[in-house]
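I set out to record what I looked up in this structure. The entries below follow the order of my reading.

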Amino acid sequence: MSFRNLLLCTTLFSTLVARSFAQEQVHLSLTGIETEMHVSWAESTGTCSSTGTVTYTPLNAVNSQYTQTVSGKSYLYKTGMATPICLWDATMTDLQLNTPYTYTLSNGNRLTDITFNFTSAPDNQRSGGKIYAVYSDLGMMNDISLSQIVTEGTSGMYDMILHSGDYAYDLGTSYGVRGNDFMNALQPAVATVPYIGAPGNHEHAMNFSQYKSRFYAYSTLAKNSQSTNMMYYSFNDDLVHFTSIDTEMYHYCNGTATLCNEQVQTQLDWLEADLAAVDRSKTPWIIVLGHKQGWMDSIGKANWTVIANILDKYKVDLYLLGHQHNYQRTLPFFPDGTAEECYNDDYSIYTDCTAMVSIVVGSPGCREQISKGSAPASVSAKLILAYGFAKLQIHNSSHMHFTWEEIAATEDKVTGKLTRRVDAESDDLWIIKNSH
Ligand SMILES: [Fe+2]
């Protein structure tokens, strides 16, 4: 073997070792407690290291007295996987509020340490209020929005990323390799800001095993919001009470009819109790995440009406969902399907509405491409059949600003400079409420 080939083999071996011995799929989640941040990561080595720790410290700490270390818990996940992955979870506690932190993941001397940054809650120092990136139905093939989500998320443009179901297409595809690749692709962004989700139909395989394992962090949010099921939970974030619901239990239930009905009722009871307990003087806005709405398949209009009546009773402001692969938003409308006349001429400002607005953010890009399904015409305010994702900014207790933009860059062949296409689609909505 020539020296050059030997060097190439050595480099390749080192790369493979570094790859297989590095923590990966790092992502943050909240716990529902302001002074905590949850971090999850994986090892794709087929086994679990004996220890896994997170060391975290305020970014600008002048000495090490503020450095803390917490041990993680591991779980070797094998179901449907070509190679078992070790999933780690740990909660960073006793955080100073509104403080930038750095954190390092270590697994004894087996793995290379890896370091990220995040800012502790409530992180409400951004001029104009907190910003949330919003989408659902994001895959690894035809992933039109992925690079922009990662670039912007990593650069601090968002405080949180909200994903209303259907991940990777699918998390379990190719014996879990698709899920690993998806979580690694998002890692730069979701290791920096919390990644908050809800289950979609694409997670249903093996009783939602991939979703439940990779996002086990949501079990902490569930526990801290009195939910007995990690598939639905809630938490407060600055001026918003977020509630994430499971719309898939209506279609995918492995038990008897009695058991499935009980499961549905348990979520409804929890949802009502959760919304009834919201203190609107502290979190004036209520935003619900879920995957489907009543006009879509496999949930059923009657089932949805029961949910919609609860959301209406507690004056939920906004429902963020997906499933249909397009962008659309409704007028504020009541559970009986009638729109509330509280909007301006071009539907871009909703003022002092009492009915809920639904927005479908289902077209960041996936292998199933764009679909045409839409809300009933009587309540539809906007429908865009193009790829993109949304940003939501909570300015204050009375003003919420929602924007959606098509991913539509054209590249100058000489300079390589990217310019937004002049005919690119977009949407802009203000929701104004002088009382909640
Ligand atoms: Fe879906």
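In which order do the seven strands of the open sheet lie? I read the order as E14-E15-E16-E17-E20-E18-E21, with mixed pairing; strands pair if DSSP finds at least two bridges between them. Strands (E, at least two residues) and helices (H or I, at least four) are DSSP runs numbered from the N terminus.

I note that the model is predicted: local features need pLDDT of at least 70, side-chain atom pairs count only at pLDDT 80 or more, and totals for chains, interfaces and linings use all residues. Residues are numbered from 1 along each chain as its sequence is written.

I looked up the edge strands and found E14 and E21 (380-384), each pairing on one side only. I then checked E18 (residues 327-330) against E20 (residues 357-361): the two run antiparallel and are joined by three bridges. Arg 329 has Ile 359 in E20 as its bridge partner.

I found Gln 267, Trp 270, Leu 271 and Asp 274 buried in H6 (20 or more other C-beta atoms within 10 Å of the residue's own; exposed means 12 or fewer, partly exposed in between; C-beta atoms are placed from the backbone). Seen down the axis, the buried residues of H6 fall within an arc of 105°, so they line one face of the helix; the arc is that of the directions from the helix axis to the C-beta atoms. On the other side of H6, the exposed residues include Ala 257, Glu 262 and Asp 269.
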